[in-house]
Amino acid sequence: MAYNLLKGKKGIIFGALDHKSIAWKVAEKAHEEGAVFTLTNTPTAMRFGEINELAEKCNAEIIPADATSIDDIENLIQKSMEILGGKLDFILHSIGMSMNVRKKRVYNDLRYDYFMKTLDISSISFHKLLQTCYKFDAINEWGSVVALSYIAAQRVLYGYNDMADAKALLESVARSFGYIYGREKKIRVNTISQSPTRTTAGSGVKGVEGLLDFTERMSPLGNATADECADFTMVMFSDLSKKVTMQNIYHDGGFSSMGMSMRAMRQYNKSLDGISEDDI
Ligand SMILES: NC(=O)c1ccc[n+]([C@@H]2O[C@H](COP(=O)([O-])OP(=O)(O)OC[C@H]3O[C@@H](n4cnc5c(N)ncnc54)[C@H](O)[C@@H]3O)[C@@H](O)[C@H]2O)c1
């Protein structure tokens, strides 16, 4: 059901790769809620071609950009304002990538060139985006910028690797820039910390199926889906959340406040059946 929450608003959505992407769902909902926006991703991601389908459905133009390139970001922001006919009201940063994860380099055996790339793509790109928008005065008063994060920024989750450091930095950038942007332009900057979700990036995490089962059992409301994340993002982009800024907001069915649940305990005890003291 649509509520016209973004009627008349203009934006940019980063990170829609395929129909599973969180950004894909955000674009669909933003269109339903009355927004106009441009879509962007890397030239490599464009080659998969699925984004054209989304662009057609949402009546949106695609502007390729590598989020680590200032030139690309400048071009993206200027072109978006030209196409949309004015300044922006919302931006979604939905980008993450680690070569260490891809190449199965564990956290105590990282390649540092990969590590730098992880940080550049997954976190510093957010600063580059905000700084470029600031330079061009590209966002309207009360505009809202959201990046997607994960609880590995606060807690150790096996296998998340250097992406944990990237998310910690991403959340810090949201706070630090949120202060400046709030103070000077009344623009909001937040991160949404989403449940593990079956997407291309999500599937790269080691043992993801076990993790999804664990977080589902631990969360009183169950894991949040990509669709539900998109719904919540609509609220964050809308005028209904005007005074929320510099926050990392958990959208995770309650997982972040749990220590042990009945459902997880039952499963854990089951796996201990038949194990003697000597085995432990
Ligand atoms: N899937 C999960 O379990 C989960 C949970 C919490 C947070 N997140 C975060 O949500 C965001 C979106 O991920 P997703 O799960 O939808 O996966 P996804 O693979 O669909 O999206 C990741 C996107 O990042 C883009 N990207 C990579 N390098 C880029 C670059 N240099 N410039 C521009 N774009 C680039 C990819 O092309 C892709 O579209 C990420 O920040 C991810 O860390 C995901």
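**Helix packing and the ligand shell**

Good morning. In helix α9, Phe214, Arg217 and Met218 meet Arg263, Ala264 and Gln267 of α11. Two residues are taken to be in contact if their C-beta atoms, placed from the backbone, lie within 7 Å. Helices (H or I, at least four residues) and strands (E, at least two) are DSSP runs, numbered from the N terminus.

Before I continue, two remarks on the model. It is predicted: local features need pLDDT of at least 70 and side-chain atom pairs count only at pLDDT 80 or more, while totals for chains, interfaces and linings use all residues. Residues are numbered from 1 along each chain as its sequence is written.

Let me return to the opening pair. The contact of α9 with α11 divides into three nonpolar, one polar and two charged residues. Here Ala, Val, Leu, Ile, Met, Phe, Trp, Tyr, Cys and Pro count as nonpolar, Asp, Glu, Lys and Arg as charged, and the others, Gly among them, as polar. Helix α9 covers residues 208-218, and its axis comes within 6 Å of that of α11, crossing at roughly 130 degrees. That angle makes α9 oblique to α11. Axes are lines fitted to C-alpha atoms, for helices over the stretch in contact, and angles run from 0 to 180 degrees between N-to-C directions. Angles under 35 degrees count as roughly parallel, over 145 as roughly antiparallel, 65 to 115 as roughly perpendicular and the rest as oblique.

How many residues of α11 are buried? The count is zero among the eleven residues of this helix, 262-272, which is hardly covered. A residue is called buried if 20 or more other C-beta atoms lie within 10 Å of its own, exposed if 12 or fewer, and partly exposed in between, with C-beta atoms placed from the backbone. Just after α11 comes Gly274, with a positive phi of about 85 degrees.

Helix α1 is mostly covered, with eight of its eleven residues buried. Those buried residues are Ile22, Ala23, Trp24, Lys25, Val26, Ala27, Lys29 and Ala30. After α1 comes Gly34, whose phi is positive, near 95 degrees.

What is the packing angle of α1 and α10? The angle is about 50 degrees, and the axes of α1 and helix α10 (residues 226-237) lie 8 Å apart. The two helices are therefore oblique to each other. Their crossing is right-handed; a crossing is left-handed if the near helix is turned anticlockwise from the far one by less than a right angle, and right-handed if clockwise. From α1, the contact draws on Ile22, Lys25, Val26, Lys29 and Ala30, and from α10 on Ala226, Asp227, Cys229, Ala230, Asp231, Thr233 and Met234. By class, this contact of α1 with α10 holds seven nonpolar, one polar and four charged residues.

Helix α6 (residues 112-136) and α7 have axes that come within 7 Å and cross at roughly 10 degrees. This makes α6 roughly parallel to α7. Their crossing, too, is right-handed. Residues of α6 in the contact include Thr118, Phe126 and Tyr134, and those of α7 include Met163, Val173 and Tyr181. The contact of α6 with α7 has eleven nonpolar, four polar and no charged residues.

I turn now to the loops on either side of α7. Asn161, in the loop between β5 and α7 (163-185), has a phi near 60 degrees, a positive value in a residue other than glycine. Asn161 counts as buried because it has 24 C-beta neighbours inside 10 Å. Gly159 belongs to the loop between β5 and α7, but counts as partly exposed, with 17 such neighbours inside 10 Å. Leaving aside residues up to four places away in sequence, Gly159 touches Val205, Lys206 and Gly207. Lys186 is in the loop between α7 and β6 (188-194) and has a positive phi of about 55 degrees, although it is not a glycine.

Finally, the ligand. It is surrounded by 27 residues, the closest being Ser21, Gly96, Thr199, Ala201 and Gly202. A residue is near a molecule if its C-beta atom, placed from the backbone, lies within 6 Å of it. Which element gives the most to this shell? It is α8, with three residues. The shell comprises 13 nonpolar residues, 13 polar and one charged. Thank you.
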